[in-house]
Amino acid sequence: MTRFAGKYGLYLYREKGIDFTDQPTGVPVLFIHGHAGSYKQVRSLAAEASFYYYRNYARDSEKWQNGIRNLDFFTVDFHEEFSALHGQSILEQAEYLNDAIDYILKLYPQTRKIDYADNTKLPDPTSVIIIGHSMGGIVARAMFTMNNYQHGTINTIITMSTPHMLPPAPFDWKISQLYDDINQFWQEGFSKHAMEADDNDRYHHESLRDISIISMAGGTLDNTVCSDSTNIGSIVPETHGFTVFSTAIPNVWTGADHVSILTCNQLVKVVSKTLIDIVDVRRGPQTKPLEERMQIMRHAFLSGLEDRKGDGSDLQLGNLTFFNLLETDTLFLRPGEKLVIGEDPIAKIVLLPTVANADAFAILSDSKIGTSGRFELLLCSKLNGQTLNATRIACRSANSISVPIPASTETDIFPFSGNTFSFASIEFKEMGTYSYLAIADKGHGGFLMIESFRTRRNSEVVRQSMLSIALEGVHVKTGPGLFTSIRIPSIESPILAYHLKVSRPNCRSYENHFSPFLRQSISTMHESKFYVNLAGKMEDETEVSIHGRTAFASIVSSSRDIDQNGLSFQIWMDPSCPEPLQLDLSIDWYGSAGRLGFRNGIMLATFSFIIVMLVFASQIKCYNDSGIFPHFGQGLSYCFQRSIPIVMVCVAICSIAQCASPSTYYTFDDLWYLPSTSISWQDVMTGNTDPFFWWIPLAGLALSTGIVSLLWLAVDGGIRLSAYLSVFFSNQCGLGVWPMSHNQETRQQQIQRRAITTLVLFLLVATFIPYQFVFVVAFLVQLVTCVRSLVRAWIATGRMDIKRTNRYNYMLSIFLLFFTLLPFNLPILLVWIRNISVHWFVPFSSDHNVLSIAPIMIYVELLTSNRKMLPRQRNR
């Protein structure tokens, strides 16, 4: 029994017409929804998995014997809890889920006996598969850190649009601390010492030994969670997991927004099939061993265009087969000759020899390459001896090097149109002792092209700095090869967006088999995007953007997490046209501004608070010097002339120092020798370490100044309107001049009332309500106080006019200060209200610190008096 049974709920999904029993008899899968999500979001995955299994595997005896079974999707109802706003909610969900998994696993020993007699020979399940969406992925990783986690009950996790690196709304200190604790736990769990510990020296991180975790990102369409933070490369080694974008997954090739990543038809089909393929009920964990699982998921989720080892050791070749080739069925090409096969075959087998002035083959076809397609790839060698009119060769199938890529013809507009090409490349070194690449042609229709090339000649590295790219752009002209690549090492930051234009105008008169297309990629997170049907008649510009290093990423632990290769383009073009291809890349400043704001929202909130504090300090100084408390606009004007320029210089110096730091792990300890300080350079200001973007904090400071100016105008206008309406309705109702009506309370009664109110609020904060609720109450009380102060200032005369104007200006500045603190307190209050709405009255243990709100409560209560204000310091 779990203590959160009254707050959360657990459900088992059944597909009507497919699942004929309400009892779980397959392999348990637990779906965890995210912030404000629904347990019903499991439907797309669960329904597709049921249909796929019963359509393809249910009657396959071989799959059955190999341990393939259907999936039982369990889903948990968190009642749309706002988990992204509150760290304590994540911990409560994680604790509940560990208890839920224990309950789920205890169901199977009995339910399997009821369903299939043959199941009694199978081991009882000891683990479940986890699917986590958004913050559900963080909850899944937090489960391992909880005291009630049972070792081995989870071994496979797939997260979708999960911000692994940084909390999306870091307004709660506990959620930031929770992220640090979770990431540290996982890093230590995969450290060399933890992985190699023996039975007598085993850390509590042993629960990660058999874990495989895949992080999927939706890319630029996800405007809720920045896909930069989905990267798990610095947390999980490549042997246990990776990060992949939906635009890179074969036969998906499209981005997905935050919610539709769970319902995208192409992606749901790939994920469902992969989940079934990794199942093996013959083992207690119910899944295949770690290496097999990772191999299946790499094949399903990665593009297949990633770099291989280069020595042929990772090629999956077929069995050795001997052929006697008749001269009428065979075509031997000359060294270096290109092969183009059209609608009709030119021979049953075409052999291309390796050549001295090249080191690789590139193969492209609009037909599937493999046993079920028109073409097959073989690696062959001639054998000594020759029979009558026949050449004897030994070959091994190399179909495994072929990967699907989006089709690019004049009718294809998007890469996810449903049409596909097949592409393969192989270096001569990978061919080993085989001296021929052979093509077996088994039919008609479509085309195939093969070209030998030298990798260095067809690969270009653009050595331009970011400053040069910003001023001039990138302009590259490539040769007319079938497959070329361009690498721009300077472009590795996700902050900027780009315009890409590809042109090849002189090729329109040629009969081309396909239109040029390219693949954009970075190496750190397996992000790939395909752009098809380029260099067409319109020569339209294409928008290009990448994801990469995350700001405030002090968790980065190795250089492999920073893309040293930068942005890469792989370009395919029809070699039938001898004209080169022109590629032009320029910065999209408008789009970059949007990306900058999306990634640095917390910076604007923080800098706005700093600006208000600077203005408030300047107002106090003027008041102490002259006895006049200037209004906020005058204080802002003074700061423009004095303090803000100094602050901007200091910020610029710190930003440059941050970017020029010789080590990513340089901390303040190295500067001040303070053993208690553990703040990294990457965790201050905007968290930027790219020298080109040293100006981002200055831009944020300038933008925050504008935001504060607009905020002051809006708030001041709103208060003046409220004051006018209050006076108007008071006069209309005959209530006198508000708030000048006579108060019947004595001085002592006022003090008693305020003391009782303050003590009641203290008691409520200490027991039931979070202190953020009291802050919002103080905010509203201060708003009323500002309106009252303005009304009193309007009716004042003589010296009283100056005093009451001073008081209103002072009240307004205090209110603006509260306004800038509101984003840091309101989210927790929303979580508390949400819990109350689902009848969960257990208080938040982390939000009942009376001392956090006591000074604000007392001071706001004192300011409700009609005369209280900051005392003037005359002895300075």
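In the predicted model, Asn 533 is found in the loop that runs between strand S24 (527–531) and strand S25 (542–545). The phi angle of Asn 533 is near 55°, a positive value in a residue other than glycine. Most residues other than glycine have a negative phi. With a relative accessible area of 24%, Asn 533 is partly exposed. A positive phi, near 55°, is also found at Trp 253. Trp 253 belongs to the loop between strand S7 (241–245) and helix H7 (265–277). The relative accessibility of Trp 253 is 5%, so this residue counts as buried.

The protein as a whole contains 20 helices and 27 strands. Of its 876 residues, 54% count as buried. When contacts between residues at least 6 apart in sequence are considered, 79% of them join residues at least 24 apart.

The packing of two of the helices was examined in detail. Helix H4 (residues 135–142) packs against helix H5 (residues 173–189) at an angle of about 55°, and the two axes lie 10 Å apart. This angle makes H4 oblique to H5. The crossing of H4 past H5 is left-handed. On the side of H4, the contact is made by Met 135, Ile 138, Arg 141 and Ala 142, which meet Ile 175, Tyr 179, Ile 182, Asn 183 and Trp 186 of H5. Sorted by class, the residues of this contact are seven nonpolar, one polar and one charged.

The cysteines were considered next. A disulfide is a covalent bond between the sulfur atoms of two cysteines. With sulfur atoms within 2.5 Å taken as the criterion, the count comes to two disulfides. One of them joins Cys 380 to Cys 395, with an S to S distance of 2.0 Å. The torsion about this S-S bond, between Cys 380 and Cys 395, is about 115°, so the disulfide is right-handed. Cys 380 lies in strand S13 (residues 375–382) and Cys 395 in strand S14 (residues 390–397), so the bond ties together parts that are 15 residues apart in sequence. Both Cys 380 and Cys 395 are buried.

Another disulfide is formed by Cys 507 and Cys 577, whose sulfur atoms are 1.8 Å apart. Here the torsion about the S-S bond of Cys 507 and Cys 577 is about -75°, so the disulfide is left-handed. This pair links distant parts of the chain, 70 residues apart. Cys 507 is located in the loop between strand S22 (497–503) and strand S23 (517–522), whereas Cys 577 is located in the loop between strand S26 (567–572) and strand S27 (581–588). Cys 507 has a relative accessibility of 4% and therefore counts as buried. Cys 577 likewise counts as buried, at 0% relative accessibility. When the bonded cysteines of the protein are numbered in sequence order, the pairing is 1-2, 3-4.

Two further cysteines were examined for accessibility. Cys 639 counts as buried, because its relative accessibility is 0%. Cys 650 is in no disulfide, and the nearest cysteine sulfur, that of Cys 654, is 6.7 Å away. A relative accessible area of 44% makes Cys 650 partly exposed.

Note on methods: Residues are numbered from 1 along each chain as its sequence is written. This is a predicted model: local features need pLDDT of at least 70, side-chain atom pairs count only at pLDDT 80 or more; totals for chains, interfaces and linings use all residues. Side-chain values use heavy atoms; hydrogens and water are left out. Axes are lines fitted to C-alpha atoms, for helices over the stretch in contact, and angles run from 0 to 180 degrees between N-to-C directions. Helices (H or I, at least four residues) and strands (E, at least two) are DSSP runs, numbered from the N terminus. Angles under 35 degrees count as roughly parallel, over 145 as roughly antiparallel, 65 to 115 as roughly perpendicular and the rest as oblique. A crossing is left-handed if the near helix is turned anticlockwise from the far one by less than a right angle, and right-handed if clockwise. Contact means heavy atoms within 4.5 Å. Ala, Val, Leu, Ile, Met, Phe, Trp, Tyr, Cys and Pro count as nonpolar, Asp, Glu, Lys and Arg as charged, and the others, Gly among them, as polar. Buried means under 20% relative accessible area, exposed over 50%, partly exposed in between (1.4 Å probe, protein chains only).
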